[in-house]
Amino acid sequence: MKFPYVRYGSFYRPVIPVTIHVLNSSLEIEVLLATGAYISILHDSFAQLLGIDVTEGIEFPFGGIVGQTFGFRHLIDFEIGGCRFTNVPVLFSSHISVDGYGVLGHE
């Protein structure tokens with residue numbers, strides 16, 4: 001699979017379109033490919049749109065530039081470039097920017 005870098009202001013970033021599938025719901029979003037991220041992280045507003053109760057997941061700490069915080073781990077399905085990946089661990093957190101895009105990590 002190949003995706004072109006996307007220009008945001010004066011920067012080019014590896015942002016790709018993905019579709020999240022949960023039961024009978026789906027949602028198309030853009031995520032940043034983060035080669036340094038262990039796990040994928042999405043704002044919890046996406047979980048709400050998909051009908052996921054965020055707090056039913058396993059509380060999971062994560063950290064980055066702004067310090068340590070937490071999210072709730074859930075298993076969801078992703079579709080990327082026509083390929084479907086099942087039971088992908090994702091953290092949903094209200095502690096990341098709602099105005100940004102999600103992070104697609106290694107796991």
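This is a predicted model: local features need pLDDT of at least 70, side-chain atom pairs count only at pLDDT 80 or more; totals for chains, interfaces and linings use all residues.
**Close-up 1. L91 and the residues around it.** L91 belongs to strand 8. Is L91 buried or exposed? Its relative accessibility is 0%, so L91 counts as buried. Look also for D44: this residue is 47 residues from L91 along the chain, and 8.4 Å separate their C-alpha atoms.

**Close-up 2. D44, a buried charge without a salt bridge.** You will find D44 in helix 1. D44 is buried, yet it takes part in no salt bridge. How far away is the nearest side chain of opposite charge? That side chain is R73, at 17 Å. Once neighbours within four places in sequence are set aside, the contacts of D44 are V54, F92, S93 and S94.

**Close-up 3. G71 in strand 7.** Here we visit strand 7, where G71 has its place. G71 counts as buried because its relative accessibility is 0%. Which residues does G71 touch, if those up to four places away in sequence are not counted? They are I58, E59, F60, F62, F92 and S93. Take E59 from that list: G71 and E59 are 12 residues apart in sequence, while their C-alpha atoms are 5.8 Å apart in space.

**Close-up 4. The largest nonpolar core.** How many residues make up the largest nonpolar core? There are 21, and those with the most contacts inside this core are I20, I29, L42, I76, F78 and F92. Strand 3, strand 4 (25-33), helix 1 (44-49), strand 7 (67-80) and strand 8 are the elements that each give two or more residues to it. Beyond its neighbours within four places in sequence, I29 is in contact with I16, P17, V18, I20, L42 and F46.

**Close-up 5. The salt bridge between D77 and R84.** A search of the whole structure turns up 1 salt bridge. In the pair shown here, the side chains of D77 and R84 meet in a salt bridge, with 3.4 Å from N to O. D77 has a relative accessibility of 17%, so it counts as buried. R84 has a relative accessible area of 46%, which means that R84 is partly exposed.

Close-up 6. H21 sits in strand 3, which covers residues 15-22. With a relative accessibility of 15%, H21 falls under the 20% cut-off, and so H21 counts as buried. Which side chain does the side chain of H21 join through a polar contact of 3.0 Å? The partner is E79. Leaving out residues up to four places away in sequence, H21 touches S26, I76, D77, E79 and R84.

**Close-up 7. Confidence along the chain.** Confidence is highest in strand 8 (residues 83-93), with a mean of 95. Where is confidence lowest? That is strand 1 (residues 6-8), with a mean of 89.

Technical notes. Residues are numbered from 1 along each chain as its sequence is written. Side-chain values use heavy atoms; hydrogens and water are left out. Helices (H or I, at least four residues) and strands (E, at least two) are DSSP runs, numbered from the N terminus. Buried means under 20% relative accessible area, exposed over 50%, partly exposed in between (1.4 Å probe, protein chains only). A polar contact is a pair of N or O atoms within 3.5 Å; within protein, one must be able to donate a hydrogen and the other to accept it, and residues adjacent in sequence count only if both atoms are side-chain atoms. Contact means heavy atoms within 4.5 Å. pLDDT is the predictor's confidence in each residue, from 0 to 100. A nonpolar core is a set of buried Ala, Val, Leu, Ile, Met, Phe, Trp, Tyr and Cys residues joined through side-chain atoms within 4.5 Å. Lys and Arg count as positive and Asp and Glu as negative; His and the chain ends are not counted. A salt bridge is a side-chain nitrogen of Lys or Arg within 4 Å of a carboxyl oxygen of Asp or Glu.
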